[in-house]
Amino acid sequence: MTTSPEQGFRRSRGLDVLALACLVLIGASLRPAASSLGPVLSEVKDGFSLAEWQTGLLTALPGLVFAICGIIAVPVLKRLGLFTALAMSAAFIVAGVGLRAVVTEWVAFALLTVLALAGMSIGNVILPVYVKSRFPHRPTLGATTFTVSLGLGSMLPSLFTAPLAEAFGGWRVGLGFWVVLPFSALITWSVLRTLKSVPVLSGQAAEPGGERVEAPPRRAVFTSPKARYMAIFFGLQSANAYVQFGWLPQIYRDAGLDPFLAGIMLTIVTFGGLPGGFLAPQIIVRNIAPRAFLVSFGVSAVIGYTGLLLSPATVPWLWAVLLGYGGFAFPAALALITSRTREVSVTASTSAFVQSTGYVLAALCPLAVGGLLGLSGGWQVPLWFMVIISALMAITGWLSAGPGNVDDELAPTSGHGGTGEAK
């Protein structure tokens, strides 16, 4: 067994396996509070006798809460330290997911959903910091495990919430079941802390054996061109995902597909998160033509939306596959945060800036699509809008994946040429 001299945590093969298990459980906990609601939304609506605006608010909460609470994640990390911040994240998710399944008032259900989403938002920002600090010599392993875990946390509730609800007596069981993930994460995380294998970061309260070796960045993270491009890229890919989750089945149904097939098309799109979670971090961290890789996501989405424009019902599976490949942009965007930063403090600041800014776009674009649909009376204008969004995603992907890193652009002597590349 060894101790990391930089950050004072104990290491061994067994502890590294336990640390990966923590990463899997925490990562998989950061989506079910949102992804489990859709499959039983109709039952929740009937159970609480919700109006349309109340149902719409529930579906809009993830993007809004992620945008707002992502801003406070770094101050929470600096104030409480890595262990307590992630423990708080998991505890919020446990309380929100567990209690909302038993309350009888809609206001309480909505507030507990916000609590769970707040925990998820804090975890979204802080978990890349854990990856960076706990696996400094295995960045590909850490990034891949993180993104695959997020994919599982999105896909599994989408697949199993409705069957669980049907088999065990209603939507409350279907939603409440997913408390298992964050509860298991909290226990495993506590065990890892007891075994002294949680890193102590620069700028947080020191623990025995911990050292502070990193200085905070000299400039605010938003002054980095690369960080700004990464934020826009993250926001555009998130906008694509939110529009697809909310509107894609209806697009296919309006084109003549039956509801079952329309649902299958969305399943094809969301399934892309698993291979993307494996492949994208490998490409980004190993720096294997990352610019071409990120541009290909935008190009694929452009072709997919164009197919929906011209002939949505002819080969519907092809457009779904193309949009699914475009969804590889999400794990790639997360991998960029760790691969284009060096110091853990910069990773934390960049993660918060990229995600909180990006989720603002993610919350606005589905509303824009709905507005364009209402104004135009058809899918032509909204789909052209998404073609433009996807083209911009390709451009910002090229700029985000260029040479250089955020740390250098935040240094006092760095230039501000705005290209996002090393000078």
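**Helix packing and buried positions in the predicted model**

Gly 63, Leu 64, Phe 66 and Ala 67 of helix H4 are in contact with Ser 356, Tyr 359, Val 360 and Ala 363 of helix H17, contact being defined as heavy atoms within 4.5 Å. By class, this contact of H4 with H17 comprises 6 nonpolar, 2 polar and no charged residues, where Ala, Val, Leu, Ile, Met, Phe, Trp, Tyr, Cys and Pro count as nonpolar, Asp, Glu, Lys and Arg as charged, and the others, Gly among them, as polar. The model is a predicted one, in which local features need pLDDT of at least 70 and side-chain atom pairs count only at pLDDT 80 or more, whereas totals for chains, interfaces and linings use all residues. Residues are numbered from 1 along each chain as its sequence is written, and side-chain values use heavy atoms, with hydrogens and water left out. Helices (H or I, at least four residues) and strands (E, at least two) are DSSP runs, numbered from the N terminus.

Two packed helices are described by the angle between their axes and the distance between the axes. Here the axes are lines fitted to C-alpha atoms, for helices over the stretch in contact, and angles run from 0 to 180 degrees between N-to-C directions. Helix H4 (residues 52-69) packs against H17 at an angle of about 155°, the two axes lying 7 Å apart. H4 is therefore roughly antiparallel to H17, on a scale in which angles under 35 degrees count as roughly parallel, over 145 as roughly antiparallel, 65 to 115 as roughly perpendicular and the rest as oblique. The crossing of H4 and H17 is left-handed, a term that applies if the near helix is turned anticlockwise from the far one by less than a right angle, with right-handed used if the turn is clockwise. Helix H17 itself (residues 344-376) has 33 residues and, at 1.5 Å a residue, should span 48 Å, which agrees with the 47 Å between its end C-alpha atoms; the expected span is 1.5 Å times one less than the number of residues. Just after H17, Gly 377 adopts a positive phi of about 75°.

A second pair is formed by helix H12 (residues 259-271) and helix H15 (residues 316-326), whose axes come within 7 Å and cross at roughly 30°. These two helices, H12 and H15, are therefore roughly parallel to each other, and H12 passes H15 in a right-handed crossing. Met 265, Ile 268 and Val 269 of H12 make the contact with Pro 316, Trp 317, Ala 320, Val 321, Leu 323 and Gly 324 of H15, and the residues of this contact divide into 8 nonpolar, 1 polar and no charged.

The buried residues of H16 include Phe 330, Pro 331, Leu 334 and Ile 337. Pro 331 and Leu 334 are also in contact with Thr 147, as are Gly 277 and Pro 281, when neighbours of Thr 147 within four places in sequence are left aside. Thr 147 is placed in helix H8 (residues 139-167) and, at 5% relative accessibility, counts as buried.

Ile 26, in helix H1 (residues 13-28), is buried with a relative accessible area of 4%. Not counting residues up to four places away in sequence, Ile 26 touches Leu 86, Leu 127, Ala 185 and Trp 189. Val 131, in helix H7 (residues 106-134), is likewise buried, with a relative accessible area of 4%, and touches Leu 23, Gly 142, Ala 143 and Phe 146 under the exclusion of residues up to four places away in sequence.

Lys 196, in the loop between helix H10 (180-194) and helix H11 (225-254), is exposed, with a relative accessible area of 55%. Although Lys 196 is not a glycine, its phi is positive, at about 60°.

Methods: Buried means under 20% relative accessible area, exposed over 50%, partly exposed in between (1.4 Å probe, protein chains only).
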